[in-house]
Amino acid sequence: MAERAIDTATDVSRTLGEVSVGLQAAINRLTDAIAAARQPGKPLAIVSAITREAPLASVFVAFLFGIAVARRR
């Protein structure tokens with residue numbers, strides 16, 4: 001009985017390690033994608049600049065976008 005519990009704990013530990021490695025790889029890819037999109041002239045840089053210049057209008061557009069998405073469901 002104790003051996004089975006130890007084997008199960010070992011399997012869970014390995015599985016958690018594999019999941020952790022997979023999540024870390026996904027986070028690294030996402031971080032790289034965001035960094036690339038923030039370069040000057042790229043979409044996130046443009047949206048960021050527009051938001052800095054007109055924050056209230058940006059909130060209004062985001063609100064309207066949220067309503068449009070919510071109504072489709």
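1. Helices here are DSSP runs of H or I with at least four residues, and strands are runs of E with at least two, numbered from the N terminus. On that basis the protein chain has three helices and zero strands. The pattern along the sequence reads α-α-α. The radius of gyration is 22 Å, well over the 11 Å that the globule rule gives for 73 residues, so the protein chain is more spread out than a compact globule. That radius is taken over C-alpha atoms, and the rule is 2.2 Å times the number of residues to the power 0.38.

2. Please keep the basis in mind: this is a predicted model, where local features need pLDDT of at least 70, side-chain atom pairs count only at pLDDT 80 or more, and totals for chains, interfaces and linings use all residues. Residues are numbered from 1 along each chain as its sequence is written, and side-chain values use heavy atoms, with hydrogens and water left out.

3. The C-alpha trace spans about 65 × 35 × 20 Å along its principal axes. Of the 73 residues, 1% count as buried (under 20% relative accessible area; exposed is over 50%, partly exposed in between; 1.4 Å probe, protein chains only). The protein chain exposes about 6,600 Å² (Shrake-Rupley method). Carbon and sulfur atoms supply 66% of that area.

4. Helix α1 covers residues 2-37 and holds Ala-2. Ala-2 is exposed, at 55% relative accessible area. From Ala-2 to Gly-22 is 20 residues in sequence and 30 Å in space, C-alpha to C-alpha. Asp-7 is also in helix α1. Asp-7 is partly exposed, at 48% relative accessibility.

5. Helix α3 runs over residues 55-72 and includes Phe-63. Phe-63 is exposed, with a relative accessible area of 54%.

Note on methods: Areas by Shrake-Rupley, 256 points an atom, 1.4 Å probe, with all protein chains shown as cover.
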